[in-house]
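Please look over the sequence and the model shown below before reading on. The paragraphs that follow lead through some of its features one at a time.

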Amino acid sequence: MITSVVDSLHDLPAAQWEHLARPAGLYLSHRWLVGEEQDPTATSAYALVRDRRGSLLAAAPLHLVRDEPNDRYRPGTVLPPHLRPRVVAGARRGYHNTPLTRPGLAPADRHACLALLRDTARRFAADHGTTHWWPYLTARAAAGLAPLYPGRPLHLEDDAVIPLPGTDFDDYVASLPARRRAHVRRERREFAAALPVRRHLLADCHEEAGALLAGHQQGHGHDRDGVDAMTALLSRQAAAMGTEARVVAAHDGDRMIAFCLYYHYGATTWIRAVAHDREHPAPHLYFNLMYYLPIEDAYAHGTTALHAGMTAIEAKRRRGARVSPLYALADEPSAGHPGPR
């Protein structure tokens, strides 16, 4: 196996990367990562493992972070005090992470690839005077990487995914307990009577959505996430993701008062952001934007699960979510440099 590091995914054919990334999720997709290369708060690189014929066997993004605006990705808020890595391995956003390995690899080959990714990440970090960590790993990813690191996986959060059985929204409702079915139907009916809903491309509404998202973030104590920052963030996503960046929004007249941004990728619909104007309440507004309207579109698109993410886990369980843990693994400063390739 041969390892290398490239500075941009523009240097790698999208189809090669996607063969590894498609089972892993949106936040490791070629298109998403190319867009994130424009993020001014970090510098990206990519660790690659190939066989001697040049076929890509494994990969991981590497992000040298200069300024982390998201508290949940700051080592000081989630890791023990002696660990302060500045390199993020894998996905830096989305709270869903895994190393990329080619589907169908034998277990011994997969383990060898993971060890090479670790060594490459360790060298990259050492070249910048720091160490690396993997935040928000899935349980399977944490189990595969854990034997390669000195510490045990640290449980960070829980992750919720709602299965979407059958072929339409009625099949989803039928999969819920009887009492919950009645609640969902009532929440949908009362919301539909209160506000009109429109669907947009993010490129056509990123300024309105950015203002709502800034209000939501600042209402949760994220003072750095002002209108300019959130509008720039959504503008960058709109440019990178194009027609894949979908928005469903509630309106009061011509004014957008709430929205949900989501993506269809692989077999899953991924919720990216939900925000609403607290001065314009509506019955069951959040539940419809966070779950029911994206689920409708997921069925129309043919995906079979809704990634609902972290927080409000019990509300997600009541709507059919399956919950699994997310972990962090961090390299120790004493682990040392793995030596020459």
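## A walk through the model

Tyr136 is buried, with a relative accessible area of 1%, where buried means under 20% relative accessible area, exposed over 50%, and partly exposed in between, with a 1.4 Å probe and protein chains only. This is a predicted model, in which local features need pLDDT of at least 70 and side-chain atom pairs count only at pLDDT 80 or more, while totals for chains, interfaces and linings use all residues. Residues are numbered from 1 along each chain as its sequence is written, and side-chain values use heavy atoms, with hydrogens and water left out.

Tyr136 has its place in strand β6, residues 132–137; helices (H or I, at least four residues) and strands (E, at least two) are DSSP runs, numbered from the N terminus. The phi of Tyr136 is near 55°, a positive value in a residue other than glycine. Ala312 also has a positive phi without being glycine, in this case near 45°, but Ala312 is found in the loop between β12 (305–309) and α11 (313–318), and with 42% relative accessibility it counts as partly exposed.

Helix α10 can be followed from end to end. The 17 residues of this helix, 285–301, should span 24 Å at 1.5 Å a residue, and because the end C-alpha atoms are 23 Å apart, the model agrees with that expectation; the expected span is 1.5 Å times one less than the number of residues. Along the way there is a kink of about 25° at Tyr292, shortly before the proline Pro294, the bend at a residue being the angle between axes fitted to the seven residues ending there and the seven starting there. Helix α10 is mostly covered, with 12 of its 17 residues buried, among them Tyr291, Tyr292, Leu293 and Pro294. After the helix comes Gly302, whose phi is positive, near 95°.

Aromatic rings are the next topic. Rings of Phe, Tyr and Trp (its six-membered ring) pair if their centres lie within 6.5 Å, and planes under 30 degrees apart count as stacked, over 60 as edge-to-face and the rest as tilted. A search of the whole structure finds 13 such aromatic pairs. In one of them, the rings of Trp17 and Tyr46 have centres 5.7 Å apart and planes at 85°, so this pair is edge-to-face. Trp17 belongs to helix α1 (residues 14–21) and Tyr46 to strand β2 (residues 42–50), so the pair ties together parts that are 29 residues apart in sequence, and both residues are buried. The rings of Trp32 and Tyr263, with centres 5.9 Å apart and planes at 85°, are likewise edge-to-face. Because Trp32 lies in helix α2 (residues 30–36) and Tyr263 in strand β10 (residues 255–265), this pair ties together parts that are 231 residues apart in sequence. Trp32 is buried at a relative accessible area of 3%, and Tyr263 is buried at 0%.

Ring pairs also link Phe169, Tyr172, Tyr286, Phe287, Tyr291 and Tyr292 into a cluster. The ring of Phe287 has the charged end of Arg319 over it, 3.9 Å from its centre, where a charge sits over a ring if NZ of Lys or CZ of Arg is within 6 Å of the ring centre and within 35 degrees of the ring normal.

Side chains of opposite charge can pair when their charged atoms come close. With a salt bridge taken as a side-chain nitrogen of Lys or Arg within 4 Å of a carboxyl oxygen of Asp or Glu, the count comes to 16. Arg92 and Glu68 meet in one of these, at 3.0 Å from N to O. Arg92 lies in the loop between β4 (87–89) and β5 (100–101) and Glu68 in the loop between β3 (56–65) and α3 (75–78), so the pair ties together parts that are 24 residues apart in sequence. Arg92 and Glu68 are both buried, and they take part in a network of salt bridges that links Asp39, Glu68, Arg92, Arg93 and Arg236. Arg53 forms a salt bridge with Asp51, their closest N and O atoms being 3.2 Å apart; Arg53 counts as exposed at 71% relative accessibility, whereas Asp51 counts as buried at 13%.
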